[in-house]
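The sequence and structure come first.

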Amino acid sequence: MIIVNTETVPGKETTAFHGLVQGNTIRAKHVGRDIGAALKNLVGGELKAYTELLTEARRDAVNRMIAQAEALGANAVVNVRFTTSSIAGGAAELYAYGTAVTVA
Amino acid sequence: MDALIGLAITLGLITLGFFVGRVLEGRHLAELDQREAAAASVVVVDVKTLPAAMEAAGGTLVMGEVVIASDYFKTFAASLRNIVGGEVKSYQTMLSRARREARLRMVEQARALGSELVVNVRFEWSAVGPQLPSAEIFCYGTAILPARV
């Protein structure tokens with residue numbers, strides 16, 4: 001499965017559209033992470049636990065999108081977009097969407 | 001007495017934030033310079049199309065993200081700045097560091113795939129971290145896979 005955020009796959013030709021595909025996931029962190037983050041806030045810098053949480057969640061959203069595209073018989077998803085929103089303090093939604101296509 | 005202890009703790013934390021935060025920031029900036037120099041051959045653009053003469057064998061999504069937090073001193077400096085208004089320099093350096101880091105992670109992914117060009121790069125910002133002065137920066141784009149010659 002080819003995933004790109006351009007409208008076509010570079011070097012390939014789009015031969016069919018299969019429609020919009022999407023994947024989302026909502027993640028909440030556990031309290032331990034917040035305590036670590038509060039300590040980190042004294043000296044600043046990267047909150048690694050949060051970065052990992054979001055990286056993993058975003059990969060999951062992408063994988064769900066890919067699963068939908070596979071079910072439609074597509075071999076690529078083009079023009080992928082991401083949105084992130086925070087729902088009620090502490091939980092975040094990661095959403096990925098794009099167009100499932102066949103490329104040759 | 002309690003008020004004095006409270007004040008002493010606050011001042012202590014501000015001092016800690018100032019010195020430790022500054023050292024950590026300096027270290028991170030030096031590391032960024034070094035990694036950016038190593039990855040300088042990768043061209044990053046936010047246009048969607050390839051140069052006319054370029055041949056590509058395909059593309060793939062690459063992403064980089066980082067959640068960054070402010071230190072106690074920066075938060076304090078920003079709250080003072082809030083009284084009189086104007087540019088909040090302490091947060092400006094924090095966010096530019098985060099953008100460089102997120103972009104670099106994306107570039108390093110592209111490089112690992114043998115790509116020398118990332119197109120259609122987008123930056124996204126979100127406030128999904130803890131209830132503290134922090135932010136997530138997410139950078140993504142399409143790494144162009146070079147045509148085999």
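In chain B, two helices touch (heavy atoms within 4.5 Å). From α1(B), B:Glu25, B:His28, B:Leu29, B:Leu32, B:Asp33, B:Arg35, B:Glu36 and B:Ala38 meet B:Thr93, B:Arg97, B:Arg100, B:Glu101, B:Leu104, B:Arg105, B:Glu108 and B:Arg111 of α3(B). By class, this contact has 4 nonpolar, 2 polar and 10 charged residues.

The model is predicted: local features need pLDDT of at least 70 and side-chain atom pairs pLDDT 80 or more, while totals for chains, interfaces and linings use all residues. Residues are numbered from 1 along each chain, chains are lettered from A, and side-chain values use heavy atoms.

| Helix of chain B | Residues |
|---|---|
| α1 | 2–38 |
| α3 | 89–112 |

Helices are DSSP runs (H or I, at least four residues) and strands likewise (E, at least two). The α1(B) and α3(B) axes, lines fitted to C-alpha atoms over the stretch in contact, are 10 Å apart at an angle of about 35°.

A:Arg27 forms a salt bridge (Lys or Arg side-chain nitrogen within 4 Å of an Asp or Glu carboxyl oxygen) with A:Glu56, with closest N and O atoms 3.4 Å apart. The pair joins strand β2 to helix α2 of chain A, 29 residues apart. Over all chains, the count is 15 salt bridges.

Key:
Axes are lines fitted to C-alpha atoms, for helices over the stretch in contact, and angles run from 0 to 180 degrees between N-to-C directions. Ala, Val, Leu, Ile, Met, Phe, Trp, Tyr, Cys and Pro count as nonpolar, Asp, Glu, Lys and Arg as charged, and the others, Gly among them, as polar.
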